[in-house]
Structure formats: C-alpha cells, structure tokens
Amino acid sequence: MSFIPLLPGSLSGPVPERSDAARNRRRLLDAARELIAESGVDGLTMDALAERAGVGKGTVFRRFGSRTGLMMTLLSDSEAAFQERFMFGPPPLGPGARGLDRLIAFGAARIAFVLDHGDLAAAAEGANSRYEVPAAVLAQRHLEFLLRDEGMEADPWLMAMALGATLDPDRLLHAVRVHQLPPERLAASWRELVTRVVRAP
C-alpha cells in the first residue's frame, strides 16, 4: 500500500524497487488513470484494473493491498505536493504569516484541492479508516498548530477536528455538485468560520 507521507520524503528514503516491479507498478497506475478518465473513480475496480493491465487480480492486491490502497497511491504525489505547500511554501499558506491568515489560506487551498481531486481523495480515505489516513492526521495536526499559534487554549485539538470536518471531500463535493455552490462561496464561508473561532472571547 502506498503511504501518503506526513512529511515530503522520509528519513529512510524510498524503498528500493526492482526495475521490473517498478515497470509493472507504472503500468498498473497508468491503467488505473485511464479507467478513471473513462468512467470516473467508481469505474475503477480491482477487476477492471487487472483486466486493463493484463495481470491477475492477485497481482493488483499484492501491489496495493486494497482498493483504498490503490486510491492512496494514485493520490499520493498530489497530496505530498499540497503538504509541502502548507508546511514549507510561501506565506500565507506556508510559514511566515500569522495563524489566522494561514488558517484562511489552508481552507481555501484545501477546497481547491478537493475540487480537483475530490472523488479520489474520498475514495482514498476509506470507509473504516478515513480519520487515520496519514494525510488526514497531518491536516488535523496542522489546524491544531495554527489554532494554538493564535493563542487558543479551549481544546484546540477538538476544535481542529470540528474545523476539519467542514473540509471533508464528500461534504464539499456535495455542496458544489448538488447545491451548486461556487468555490468562492465555500472559501468565504471558511474564512468567516475560522475568523469567528479565533476571535471569539
């Protein structure tokens, strides 16, 4: 299963991979992206991927562990790039701005990310472990850090969890697709929410 890193790179570096294994991995991922382009995320099943890539279904499961693992692998590069932006990029999303400005920027950037990768992000979270996926854990820690940076003492961990729920991919996609809300309205609502939370007495 691919691991969406908590930090760009890792202490040990990438796990070495034989050239034939790397080639097979690329072939599977290319086939998976083709299926998504043709039929959406719901059309990407392990059976369909095995057939498209010309391998046995067992090979697909050995490589990715599960459908959620496959989705995490497909999302990993985009998620890692987003993480790098809010941890190491320029302000206000990255370090160097006050906590409230970074909270506002994080929400707006995450909304844009979800609108680009939302179906894949929702599928990568999985039904049973969506709150324990490394990317989700990191996002909550980041929100908590920014709330503490603004001086919040009233359970910033729980408040970060509540704020993070408003950025849930399924919720955002529902708002856009069913209620036709424009991204700008979502970002403005997030700005109002975090501003009220931070400035509340």
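Trainee: Where does Gln 180 lie?

Mentor: Gln 180 sits in the loop between helix H8 (169–177) and H9. Helices here are DSSP runs of H or I with at least four residues, strands are runs of E with at least two, and both are numbered from the N terminus. Before we go on, this is a predicted model, in which local features need pLDDT of at least 70 and side-chain atom pairs count only at pLDDT 80 or more, while totals for chains, interfaces and linings use all residues. Residues are numbered from 1 along each chain as its sequence is written, and side-chain values use heavy atoms, with hydrogens and water left out.

Trainee: Why is Gln 180 called exposed?

Mentor: Buried means under 20% relative accessible area, exposed over 50%, and partly exposed in between (1.4 Å probe, protein chains only). Gln 180 has a relative accessible area of 58%, so it counts as exposed. Its phi is near 60°, a positive value in a residue other than glycine.

Trainee: What makes Asp 155 partly exposed?

Mentor: Asp 155 has 41% relative accessibility, and therefore falls in the partly exposed class. Asp 155 also has a positive phi, about 55°, although it is not a glycine. You will find Asp 155 in the loop between helix H6 (134–149) and helix H7 (156–165). Its C-alpha is 9.1 Å from that of Glu 144, which is 11 residues away in sequence.

Trainee: And how do you know whether Leu 186 is buried or exposed?

Mentor: With 12% relative accessibility, Leu 186 counts as buried. Leu 186 is found in helix H9. Not counting residues up to four places away in sequence, Leu 186 touches Ile 111, Leu 172, Ala 175, Val 176 and Leu 181; contact means heavy atoms within 4.5 Å. For Leu 186 and Leu 172, 14 residues apart along the chain, the C-alpha atoms are separated by 8.2 Å.

Trainee: Which residues does Ala 187 contact?

Mentor: Leaving aside neighbours within four places in sequence, Ala 187 is in contact with Ala 108 and Ile 111. Ala 187 is in helix H9 too.

Trainee: What makes a group of residues a nonpolar core?

Mentor: The residues must be buried Ala, Val, Leu, Ile, Met, Phe, Trp, Tyr or Cys, joined through side-chain atoms within 4.5 Å. The largest such core here has 55 residues, and those with the most contacts inside it include Leu 44, Met 71 and Phe 106. Helix H5 (residues 99–125) gives the largest share of this core, 13 residues. Met 71 is in contact with Val 41, Leu 44, Leu 120, Ala 123 and Ala 124, leaving aside its neighbours within four places in sequence. In soluble globular proteins, nonpolar side chains tend to be buried together.

Trainee: Why are H1 and H3 called roughly perpendicular?

Mentor: Axes are lines fitted to C-alpha atoms, for helices over the stretch in contact, and angles run from 0 to 180 degrees between N-to-C directions. Under 35 degrees counts as roughly parallel, over 145 as roughly antiparallel, 65 to 115 as roughly perpendicular, and the rest as oblique. The axes of H1 and helix H3 (residues 57–64) come within 11 Å and cross at roughly 105°, so the two helices are roughly perpendicular to each other. The contact is made by Ala 21, Arg 25, Leu 28 and Leu 29 of H1 with Val 60, Arg 63 and Phe 64 of H3.

Trainee: How many helices and strands are there?

Mentor: The protein has 9 helices and 0 strands. Of its 201 residues, 42% count as buried.

Trainee: How do you know how confident the predictor was?

Mentor: That is pLDDT, the predictor's confidence in each residue, from 0 to 100. The mean for the protein is 86, and 89% of its residues reach 70 or more. Over residues 1–14, the pLDDT is below 50; beyond near neighbours in sequence, this stretch has 32 contacts in the model.
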